[in-house]
Amino acid sequence: VKGNPIKYKDPTGYGGVGDAQLLADRVREATKSDVTKAYGQKGWKDYEKGEVIGLVTGVIDSVVYALPKALGKDTLSERLEQQRENKKSAPYIQGYEEGYRAGETAVAAVGTVMGTAKAAQLATKGPKPVPVSGAPDFVVGPDGTTYPVPRGATGPTPVVNPSGKRTGTAYTGGSGGANGQVDTVRLMDPTPPRGNSPGYPNGYVKYENASGQGVNPHTGRTAPNSQSHHPIRSGE
Amino acid sequence: MNKLNDWLLDNSVKGIEFLEDQIHINFVDGSNLYLYNPVAISRNDSIVGCKVLQVILSNESLKILFETGLELKMSLKDKDYRGPEAFSFRSSNGEIIVL
């Protein structure tokens, strides 16, 4: 029908990809209109360039800096600051931010789909139902070190100090390690050097059994406190 | 606010383990406390079965007072840290409190 704004019609009536695409198209047209109105055609070109670079960077950061981001590192703010220092135009930075957020969302969506698929696959192999945890299979430190998340763990859940301030993030309720006793991985904030502690300027990782005692992440056997904290390295 | 107090008040000790470089106290509600810094106990009595009367947290120490009058005191002075944590606590509902 001429003039009908509906480009996609979902025959099931339940809504689907077509509706989502239509919405996305409308949002994009509105964004283009706003940016062009504010900055002209060149501004829109800049926006699109920034968007592409932001998208790629958002995807890469979400994979490479998964751990620091889980600990609260604001990688987007740092990236935007870099763009300002590099004298990028306002529409470029606006596009960069939108692209970066889209990249982050895409990585999160892929992780969820993979986790769901894996849980479904495992559920068909054994008698025990496997919960869909939403937790990643591993997190990656800034230096590329991967820290496995115990199988079946859920999270993230906050780790707090006695005042209630968040000091870390945990995935709990899993069953990792050779003996299945690795219940939890904690990703903890930096701590200063004090006493016999050398200090953990980038934070540390600790694996625990269900009662909270430190364990070896590979064997699952209990470990002394002195061997329970794995420093996160900066990668520089 | 002292979240540890919220969990330990009126809770009773089910068991205590002296491990290699930490002390593990298990409570009847299923929560667990691991102490990593040096600990002193006011007198040589067992705390098993004792109910917690008060938990006092300061910059210098963590004190747990039991209804029997027994006091467990762990240093929080910088020099007494053996690792990044002084204690960790896992509540019966899975809340994790670390200092």
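Predicted model: local features only at pLDDT ≥ 70, side-chain atom pairs only at ≥ 80, totals over all residues.

## Stop one: a bridge between chains

Select Asp183(A) and Arg90(B): their side chains meet in a salt bridge, 3.5 Å from N to O (a side-chain nitrogen of Lys or Arg within 4 Å of a carboxyl oxygen of Asp or Glu). The pair crosses between chains, from the loop between β4 and β5 of chain A to strand β8 of chain B (helices, H or I of at least four residues, and strands, E of at least two, are DSSP runs numbered from the N terminus). Asp183(A) is buried at 12% relative accessible area (buried is under 20%, exposed over 50%, partly exposed in between, with a 1.4 Å probe and protein chains only). Arg90(B) is buried too, at 6%.

Residues are numbered from 1 along each chain as written, chains are lettered from A and ligands numbered from 1 in written order, and side-chain values use heavy atoms, without hydrogens and water.

## Stop two: a helix in chain A

Next, pick α3(A), residues 75-85, where Thr75(A), Leu76(A), Leu80(A) and Gln83(A) are buried. Look down the axis: these buried residues fall within an arc of 135°, so they line one face of the helix (the arc is that of the directions from the helix axis to the C-beta atoms).
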